[in-house]
Amino acid sequence: MSVRDGAATMATNAGGGGGGGGWSNDPDDRMYLLQIYPRLAAQSSTYCNLRVQKNATTASVIADAAAALGLDPGRLYVLAEVKESGGEEWILEAGDLPVQRVLLWPRKAQEQHPQSFGFYFLLQERNHDGSIHYVHLPPLSKEQEVQRLAARGFLPPPQDDFADLCNLPVLSEDSILNNLRTRFYKKKIYTYAGSILVAINPFKFLPIYNPKYVKMYEKHQLGKLEPHIFAIADVAYYAMLRKRVNQCIVISGESGSGKTQSTNFLIHCLTALSQKGYASGVERTILGAGPVLEV
């Protein structure tokens with residue numbers, strides 16, 4: 001055991017109680033890191049990192065941590081799991097296995113990290129009557145929790161926009177509008193809502209309607225690529241050929257929302273697909289249906 005710069009490091013066997021331990025070549029004897037901070041009447045900057053085996057009990061970990069920190073072995077201590085997600089600290093029973101708790105933490109939290117990053121254990125004394133003093137951590141909203149954990153590498157960065165509204169973590173009018181607004185500012189005017197395509201009129205031409213895009217979306221399952229009106233046309237066209245059943249695409253929206261332009265893009269894509277020899281006379285039929293489509 002060594003104590004340097006206010007930190008005590010110690011290796012222990014599964015049964016606890018001192019022991020030189022060290023790293024074992026046997027996978028079943030793998031050692032796991034526990035970061036333990038004391039919360040005592042006389043506060044100290046000292047903490048200890050214990051490396052213990054998977055089946056080390058809370059009782060043995062408490063004994064080894066007290067020895068590493070030079071605490072009075074005659075007093076009664078408890079071990080509490082702390083997670084930055086907020087809420088009540090989790091007091092471990094004597095027979096619990098702290099490593100099992102660590103294995104439920106994010107991957108980076110299982111490595112050594114500053115206390116401010118969260119995910120560690122607290123060692124504290126029981127009250128004089130043997131009871132336990134529970135401490136509530138400052139509450140964090142779910143969004144704050146995700147942001148802080150993602151910023152520290154414990155979770156993947158939160159997604160700032162969703163191509164399908166059905167994938168929004170919180171489905172509400174505000175979240176839908178915020179998602180559509182975020183995508184619109186990125187010049188992503190199309191968004192799926194399941195198999196429905198939501199289009200926002202950009203009131204300017206975007207270079208996403210050339211033959212390259214027709215080919216890009218050809219024979220692709222809906223949702224595999226970024227939302228696009230060509231994807232809707234492609235799915236309807238090949239469903240017609242495969243099932244030999246008429247297909248219908250409904251375009252609705254308020255005045256000025258871009259219904260006419262969307263109809264033109266659909267016709268453009270369907271015409272380009274029909275010119276590949278899959279059907280005859282489709283081009284003339286589609287072009288002649290323009291007025292009917294806008295009824």
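## Packing of two helices

The crossing of helix 6 and helix 7 is right-handed, meaning that the near helix is turned clockwise from the far one by less than a right angle. This is a predicted model, in which local features need pLDDT of at least 70 and side-chain atom pairs count only at pLDDT 80 or more, while totals for chains, interfaces and linings use all residues. Residues are numbered from 1 along each chain as its sequence is written, and side-chain values use heavy atoms, with hydrogens and water left out.

Helix 6 (residues 229-243) and helix 7 (residues 259-274) pack at about 50 degrees, their axes lying 9 Å apart. In the contact (heavy atoms within 4.5 Å), the residues of helix 6 are Ile 229, Phe 230, Ala 233, Asp 234, Tyr 237 and Tyr 238, and their partners in helix 7 include Phe 265, Leu 266 and Cys 269.

## Cavities

A cavity is a set of points on a 1 Å grid over the protein atoms alone where a 1.4 Å probe fits but cannot get out, and its lining residues have an atom within 4 Å of a point. The count comes to 2 cavities of 30 Å³ or more.

The largest cavity has a volume of about 50 Å³, and strand 3 (residues 31-39) gives the most to its lining, with 3 residues. Among the residues lining this cavity are Leu 33, Trp 105, Glu 111 and Phe 119. The second largest cavity holds about 40 Å³ of space, and its lining includes Tyr 192, His 220, Lys 224 and Ala 231.

Notes: Axes fitted to C-alpha atoms, helices over the stretch in contact; angles between N-to-C directions. Helix = DSSP H or I, 4+ residues; strand = E, 2+ residues; numbered from the N terminus. 1 Å grid on protein atoms, 1.4 Å probe; cavity = no way out; pocket = protein on both sides within 12 Å on 5 of 7 lines; lining within 4 Å. Points joined across faces, edges and corners; volume = space filled by probe spheres on them.
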